[in-house]
Amino acid sequence: MKDNRGVTLVEMLTALAILAILSAAGGVGLLRGMPERRMMSAARDLYCDLRKAQSRAIAAGETVTVNFSLEKNILSLVDAGGQTVSETRLPGFIDLCEIKGDRDDDRRFYFNSRGIKTGVSGSVWIRYHKPGYDWRQVLVRSSGSMAIRRSSDSGKTWEY
């Protein structure tokens, strides 16, 4: 009687080929969704920076200004004395597109000592640097509440 407790080279190569095909198919799916995950991550980071400005205004008991630079993809937190507290550069694959501050020509948000955004509601729009992806909007309401919204070219909008 023969001992049949092993695998042949053909069986092992067949198993490896099947595993390689399944891995490649899964990898393509992961890579396809990467830009959307990067967009959401950047929107969350932006949201957190705005919350940080709001918290700092409450803790310091003074107005904190958030300045946006579309050209440099940077947002800066500035205290009441005009000192830059922190500066955040968005990742290279994300573009700051549109800022709606207190006025149409103003690219700043102001949080007073109670953490409320002064003036009217504002928003920050970001997009992936390549066309074809949904945009993200971080909405800051005059009440101080915030939300991340996703908008597509078709005009549909979702709020998180």
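## Core and sheet: a quick chat

Colleague: Which residues have the most contacts inside the largest nonpolar core?
Modeller: L50, V66, F68, F109, F111, V124 and I126 do, in a core of 26 residues. A nonpolar core here is a set of buried Ala, Val, Leu, Ile, Met, Phe, Trp, Tyr and Cys residues joined through side-chain atoms within 4.5 Å. Buried means under 20% relative accessible area, exposed over 50%, partly exposed in between (1.4 Å probe, protein chains only).

Colleague: Which elements give two or more residues to this core?
Modeller: They are α2 (34–60), β1 (64–69), β2 (74–78), β4 (94–100), β5 (108–111), β6 (122–128), β7 (135–140) and β8 (146–151). Helix α2 gives the most, with 8 residues. Helices (H or I, at least four residues) and strands (E, at least two) are DSSP runs, numbered from the N terminus.

Colleague: What should I know about the model itself?
Modeller: It is predicted: local features need pLDDT of at least 70, side-chain atom pairs count only at pLDDT 80 or more, and totals for chains, interfaces and linings use all residues. Residues are numbered from 1 along each chain as its sequence is written, and side-chain values use heavy atoms, with hydrogens and water left out.

Colleague: Back to V124. What is V124 in contact with, leaving aside neighbours within four places in sequence?
Modeller: L46, F68, L96, E98, I99, F109, R136, Q137 and V138. Contact means heavy atoms within 4.5 Å.

Colleague: And T65, buried or exposed?
Modeller: T65 is buried, with a relative accessible area of 13%. Its place is in strand β1. Beyond its neighbours within four places in sequence, T65 is in contact with S76, L77, V78, R108, F109 and Y110.

Colleague: New topic. What is the strand order in the open sheet of 4 strands?
Modeller: The order is β3-β2-β1-β5, with antiparallel pairing. Two strands pair if DSSP finds at least two bridges between them. The edge strands are β3 (84–89) and β5, each pairing on one side only.

Colleague: How many bridges join β2 to β3?
Modeller: 5 bridges join these antiparallel strands. The bridge partner of L75 is T88, in β3.

Colleague: Which helix packs on the sheet?
Modeller: α2 does, touching β1, β2, β3 and β5. Its direction makes about 155° with that of β1. Axes are lines fitted to C-alpha atoms, for helices over the stretch in contact, and angles run from 0 to 180 degrees between N-to-C directions.

Colleague: How many helices and strands are in the protein chain?
Modeller: There are 2 helices and 9 strands. Buried residues make up 34% of the 160 residues.
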